[in-house]
Amino acid sequence: MRAVVQRVYESDVTVEGNITGAIKEGLTVLIGVEKGDTENDAKYIADKVSGLRIFEDENGKMNLSVKDISGKVLAVSQFTLLGDARKGKRPSFIEAELPDRANELYTHVCSLIRENGIAVETGVFQAHMHVKIYNDGPVTILLDSRKTF
């Protein structure tokens, strides 16, 4: 499972002209589910997102988590994170999990983050979404539950 985590001061997702999720200070997390991912991969991503210390403390040092600052998470499913563009110019998505299982694990990640005491807003799985991200810093962290990078 892969995730792109962005520290934001504001973010929202719109589907068919309607905002389905919106946050102020917190994290926007784009989540891609890979074939073979399990609940353990979901737990790894949820724990990392919940505990990443990428918000500044009173000394200006990145030392606080999203929970520490009472921030929220905007979680958006994004199968294109599994795109492989090493050959040619058109990415291959054959490593992306099938939709039903991908949605199950994406939803599980969101539930686990909520269980950690963090409010989660979401997009709509498999919908065409417009995601507005006001990255703060910018701070962007890449996560991979298989630790391939």
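Lysine 24 and glutamate 10 form a salt bridge, with their closest N and O atoms 3.9 Å apart; a salt bridge here is a side-chain nitrogen of Lys or Arg within 4 Å of a carboxyl oxygen of Asp or Glu. The count by this rule is ten salt bridges. This is a predicted model in which local features need pLDDT of at least 70 and side-chain atom pairs count only at pLDDT 80 or more, while totals for chains, interfaces and linings use all residues. Residues are numbered from 1 along each chain as its sequence is written, and side-chain values use heavy atoms, with hydrogens and water left out.

**Lysine 24 and glutamate 10**
- The lysine 24–glutamate 10 salt bridge has its N and O atoms 3.9 Å apart at the closest, and it links distant parts of the chain, 14 residues apart.
- Lysine 24 sits in the loop between β2 (18–23) and β3 (26–32), and glutamate 10 in strand β1 (residues 2–15); helices (H or I, at least four residues) and strands (E, at least two) are DSSP runs, numbered from the N terminus.
- Lysine 24 is exposed at 56% relative accessible area, whereas glutamate 10 is partly exposed at 26%. Buried means under 20%, exposed over 50% and partly exposed in between, for a 1.4 Å probe and protein chains only.

**Arginine 101 and glutamate 39**
- A salt bridge of 3.3 Å, N to O, joins the side chains of arginine 101 and glutamate 39.
- Arginine 101 belongs to helix α2 (residues 99–115) and glutamate 39 to helix α1 (residues 39–51), so the pair ties together parts 62 residues apart in sequence.
- Arginine 101 is partly exposed, at 24% relative accessible area, and glutamate 39 is partly exposed too, at 38%.

- Arginine 86 and aspartate 84 meet through their side chains in a salt bridge of 2.7 Å, N to O.
- Arginine 86 counts as exposed at 75% relative accessibility, while aspartate 84 is partly exposed at 29%.

**Serine 11**
- Serine 11 is in strand β1 and is buried, with a relative accessible area of 2%.
- Its side chain makes a polar contact of 2.7 Å with that of threonine 28. A polar contact is a pair of N or O atoms within 3.5 Å; within protein, one must be able to donate a hydrogen and the other to accept it, and residues adjacent in sequence count only if both atoms are side-chain atoms.
- Beyond neighbours within four places in sequence, serine 11 is in contact (heavy atoms within 4.5 Å) with residues including Gly21, Leu74 and Lys132.
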